Structure formats: structure tokens, C-alpha cells
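This report describes how the parts of one model are arranged and joined. The sequence and structure are shown first, and the description follows.

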Amino acid sequence: MPRIFAYIVHKGGVPDDSAAELPAAAKKIDAAQSPTAVVTGWGADLDAACETLRASYGEVWKIANEGLAYPNAELVRKALVKVLPQGSVLLLPHAHFGVDLSPGLSIKMNAAFVSDVLDIEGAEGMSLKLVRQEFGGQVSTHVRCDISSGAVINIRPGAFKPLEGAPAGGVLVDKSSAAGELTARRRYLETVAAEAGAVDITKYKVLVSVGRGIEEADNVPLAQDLADALGGAVSCSRPVVDAKWMEKSRQVGSSGQTVKPKVYMACGISGSFQHLAGIKGNPFMVAINKNPKAPIFRVADVGIVDDILEFFPELTSKIREN
Amino acid sequence: MEILVCARRVPDTSENEIELNAAGNDIERDDLVYSINEPDNYAVEEALQIVERAGGNVTVATVGGEDDEEILRREMAMGAKNGVLISDDAFSGSDGKGIATILKAFVEKNHFDLILTGVQAEDAGAQVGGMLAAMLDYPFASLVNAIEVLDGGKLKISREIEGGNKEMNEIDLPCVLSIQTGINEPRYVGMRGIRQVASVPIPTLGAADLGVEGAVGGAAAKVKRVDYFAPPLGKGAEMLGGSREEIIDKLIEMLKAKGGLK
């Protein structure tokens, strides 16, 4: 079995949650080995991240380079191609950086690539059996991946539970010189913070969140009326922002706001993992959707199969009567 | 600027509920409504807007079958000058790398300054754009939600990262960008527009035209979908039944108990 590496995303010296999840995925590929962490960056942040990782990884490969102070995928790719042994299996979190890095990296490593993997059902020789989802989680698939010349596998954040175990007391290995000089034709300039909206949805205990099922901008007031009756705010999923029916600042999800309400009403929302990633604190979740098979019903506490455009006005007037 | 947009025709999830077929080995494909993959449509709109500002032409290419010509015509009705259907039985079973190999061969027979793809298709893995860029040795950026053309063969682009933040980058041309939904407001295409391009010839290219025989298709694929199955139910919601009025009464009681209603 090839050697397994976990690429660690970190920020401000703190490893991402995925750093604890990737070893669980690695275990399902090969129970006999523990993966090696590979960390790129620069300065005190990189050192702090490596120090933290030594507690959970048996070996931590550090690649320090001033150009990697911000994780520019093109530079990180060049460093990894030089440092990783041929035929390695590399695991990364399926988030914006993994989407940026992994497909091209797999080509340069001459390795197979699979994105957004939810589970690993074992290996038969050099063939892995992986679980993915398609069509926004409406159906699952098994995928076979030939890892005989290595693989890059993007793992869905949250899909694997961190392993329980004793501190690893990992060895730190400095691979910086092997990465050599790095130049890129894509240059990071700056990060622009999200614009604040008129309403801060993170401050509300009750959210009436609408998705594609709201159908048009003119129907948003139906949700607002319900939110008003509940003393909450209206939030939304990505398609509503894409269609310009609501402001970006109202969007719940990995590319929008992270909210921690007491009650979350997911209305006409199918329930993609990117949306669910923005809901924290385990709120009481009510899902209302016309499609009885919508993935949101798998995670909600209470489900109602109905058309929100008809349901909203009746619920609102009943609440007002009370 | 000569711009290529790589597009796909996919089952439209806003029009269909995707279910397993009776045999449980595929999705039920009868009566599915297909359309252009949504992010690809944003990519075409972005290409058209760049050409409106900076001049040039937009070509839309798809790797697929005869039926996929319909999305090429649709995007030509939006304003794309050329449509190209890349189709061959030998392409069947290609993985992401196989599709990228086919597109690379097409790109090398033409001249493009900028190549756009949609960020992801709902039945695939957000992979072809990044692979194509690596094969061509072009720079790449994913999840792009704004593009500004700079002087000197460069673009300023914004990437969508966590929390609604934007990562700003400068990138050299030629390059490949994967386009995120919401980057623009794609223009409307009516039946009349589609009729106007109905007789514009769309060339079809095969494996021999591109010189990719043997390098693509199922035999060359390292990644293969084996089957489809129903996702695990998880804990599952308590489904409220009865009339709408009864459901509303139950829901109000629950909201009171959970602090959603005083």
C-alpha cells in the first residue's frame, strides 16, 4: 500500500478541523499505517501549526517558504510535487483550497483524483471503493479508484469522525529545502472581507431560511412576515443569492454566514452540505419542502411536505392569532 | 480576447427530483429534463461580458453526445459565436482526466487566451478545469466570482472563499478559470433566439480528429463510478402528517416548546 499523507489547512497557526478527520479517512484506506501530516507555510504560524500537529500525527513534514505565507495553490502544488514520494496517496479537505489545488496536483503527480469523498469502503489491492454523492445529495454512488500510481483524494469536511487515541508525539521533518525555489503565474493580492448587510442574521435566535422553493423575489415578503411573527430574521441558501433575490449577507453556508440559532426553519431548501456547514449549535431544525425525498429531511428534527408559498401565509396568520 | 467555455448538458435539478431506477444501479433517466449545467451558463455569460468590453469571440465546446448540441445552440443564442461538439463512442467511460485530455487536444488545435468552465457539475467532481490547466501548463483559479481584464495580458480575479470573503489574485493569460454561480446575471434566451441560430453549422470532432485514441475512455480511466444507491437516512426527521391546519397546530406547539415562539 502506498504511503498516505494528509495535507493540513491551517490559519493563524491553528490547524483546520479537517486535520483531525483526515487520519480517520486514512485508517479506512490502510489500517496498518498512520498518515504523515504535510504542512506548508512560513514563520511563526507554520511552526505553531506543526507543533500542534505533533500531538496527533506520528510524523509531520514541514515545508517553510516565504512565498507560502499565504496558501497560493499554484505554489503549494509545485512544492508538493517536489516533496511527496512518487505514488503517494494525499488526502485533503474538500473546501475552497482543495478545489483549487487537487485536480491540477493530481495531473502533475500522475495520480488519480476523486473529489468530495464521504466514506471509504476499503481497498482491494490497489483499488479503493469510495462513496460520493451526486445531485446535491439526492443519490449516493460507489466509485472505484485505481491508486497504483498514487491518488489525490478530497475528503468532505465533517464526514469522518476524528479518531480517539493517545498523543502521537510526532517527529518533525523539515522538507523546506526539497521544495526549492517557487514562482507562480497567479499572485495572491489580498483578502477582502465580506460586506456587512442591513440585517445581521447571526444575531437571531429564530431564522426562517428560504431556498430555491421561494421561486421569486416577490415571494420573499411571505418569509419576512413569518419571521416577523416569530421575532426572527429571514436567511437563505445560495441559489437565492445567485438569483439576486436576497443579499449575500443573508446566505447561510460555508461560503456565507455561520449561524447558531435556537430554531432553524429550512424552507424550500434541499440541504446541500455546503449549506448545512453554516448551521452550528444543533438548533431545532424544521424542514418544509415539496419534495418528500429532499436531503434536508435526513438531518432536520421535524419535516413537513408542503409548498412553502401556501404554507407560510397560513402559519403566519395562525401564529398572529395565538 | 478569444475565449473558450467548456460546458455540459446535465439533468436539471431545479426541474427534476433525482431518484434511483428500479434496478438501483443508475438514476431514473426517463422523462428527465436536461439543461446546461448552471455554473457553465454563468461562465458563458461572463465570457460574453468580457468580449463586450475587450473584444474577441466566445466559443462553447462540449464533450458529449448528439443530444448535447441543444445546449450549444442555446449558448450561441446567448451570443457565443461558435459551438463545437466533441463526440465519439471512444470517449464513453472517460473519467475527469479523460475529459481534460480530450479538451487539451482541442485547445492545442486552436488559439484561446482564456478558458472558462463552470465550477462543478452536480454529477461530477469540480475537476476538469484544474486538470486541463495543469495539462496545458496554464495557471488556474477556481471558484471565481469576479473578473477584471488588466493591461499586459493579465486578469484581476476574485475567488469565493469561506465566510463570504473574497481572495483577490492577479493571473497571467492564457489561463483557466472555474466560474462560481452568482458571478453575473445570465441573459435570457427565448425560443426566437434559438431559432435564429438553428441553421448555424456546429462542427463535430472525434477521437481521430483530436489524436486522443487510446488515451481516453473507460479503459484509460483510473476512476470509475460503479453504481448508484440510496443515501443513508441518518437520524431522519419526524414527519408531521395530517391536514395543513393540523400540521400548523403541531408545529406551533413544537416551536413554543423549543423557544421559537413565546
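Which strand of chain A is joined to β13(B), and how many bridges join them? Strand β18 (residues 302-305) of chain A is joined to β13(B) by 2 bridges, and the two strands run parallel. Within this pairing, A:Val302 stands opposite B:Glu238 of β13(B).

## Basis of the description

This is a predicted model, in which local features need pLDDT of at least 70 and side-chain atom pairs count only at pLDDT 80 or more, whereas totals for chains, interfaces and linings use all residues. Residues are numbered from 1 along each chain as its sequence is written, chains are lettered from A and ligands numbered from 1 in the order in which they are written, and side-chain values use heavy atoms, with hydrogens and water left out.

Helices (H or I, at least four residues) and strands (E, at least two) are DSSP runs numbered from the N terminus. Two strands pair if DSSP finds at least two bridges between them.

## The interface of chains A and B

Contact, meaning heavy atoms within 4.5 Å, involves 83 residues of chain B and 80 residues of chain A. The two chains bury about 7400 Å² between them, and carbon and sulfur atoms carry 54% of it. Buried area is the accessible area (1.4 Å probe) that two parts lose on being put together, summed over both. On the side of chain B, the most area is lost by B:Lys222, B:Phe229 and B:Arg244, which together account for 10% of what that side buries.

Between chain B and chain A there are 55 residue pairs in polar contact, both residues being at pLDDT 80 or more. A polar contact is a pair of N or O atoms within 3.5 Å; within protein, one must be able to donate a hydrogen and the other to accept it, and residues adjacent in sequence count only if both atoms are side-chain atoms. Elements giving two or more residues to the side of chain B include α1 (38-54), β7 (140-150), β12 (223-229) and α7 (244-257). The largest share of that side, 10 residues, comes from α7(B). By class, the side of chain B has 36 nonpolar, 19 polar and 28 charged residues; Ala, Val, Leu, Ile, Met, Phe, Trp, Tyr, Cys and Pro count as nonpolar, Asp, Glu, Lys and Arg as charged, and the others, Gly among them, as polar.

## Salt bridges

A salt bridge is a side-chain nitrogen of Lys or Arg within 4 Å of a carboxyl oxygen of Asp or Glu. The count over all chains is 40, and the count between chain B and chain A is 16. One salt bridge is formed by the side chains of A:Asp100 and B:Arg159, at 3.4 Å from N to O. This pair joins two chains, because A:Asp100 lies in helix α4 (residues 96-108) of chain A and B:Arg159 in strand β8 of chain B.

## A sheet with strands from both chains

An open sheet of 10 strands, with mixed pairing, has the order β13(A)-β9(B)-β8(B)-β7(B)-β10(B)-β6(B)-β1(B)-β4(B)-β5(B)-β11(B). Its edge strands are β13 (186-192) of chain A and β11 (204-205) of chain B, each of which pairs on one side only. Strand β5 (residues 82-86) of chain B pairs with β11(B) in the parallel sense over 2 bridges, and B:Leu85 has B:Thr204 as its bridge partner there.

## The two domains of chain A

Chain A is assigned domain 1 (4-179) and domain 2 (201-321), with bounds from an automatic or database domain assignment. Their centres, taken over C-alpha atoms, are 34 Å apart. The contact takes 8 residues from domain 1 and 4 residues from domain 2.

About 460 Å² is buried between the domains, 51% of it from carbon and sulfur atoms. In domain 1, A:Gly136, A:Gln138 and A:Arg156 lose the most area to domain 2, together 63% of what that side buries. The rule finds 1 residue pair in polar contact across this interface, and the count of salt bridges is 0.

## Backbone details

The peptide bond from B:Leu173 to B:Pro174 is cis, with omega near -5 degrees. B:Pro174 lies in the loop between β9 and β10 (175-179) of chain B. In chain A, A:Phe135 has a positive phi, near 50 degrees, in a residue other than glycine. A:Phe135 is found in the loop between β9 (127-134) and β10 (139-146) of chain A.
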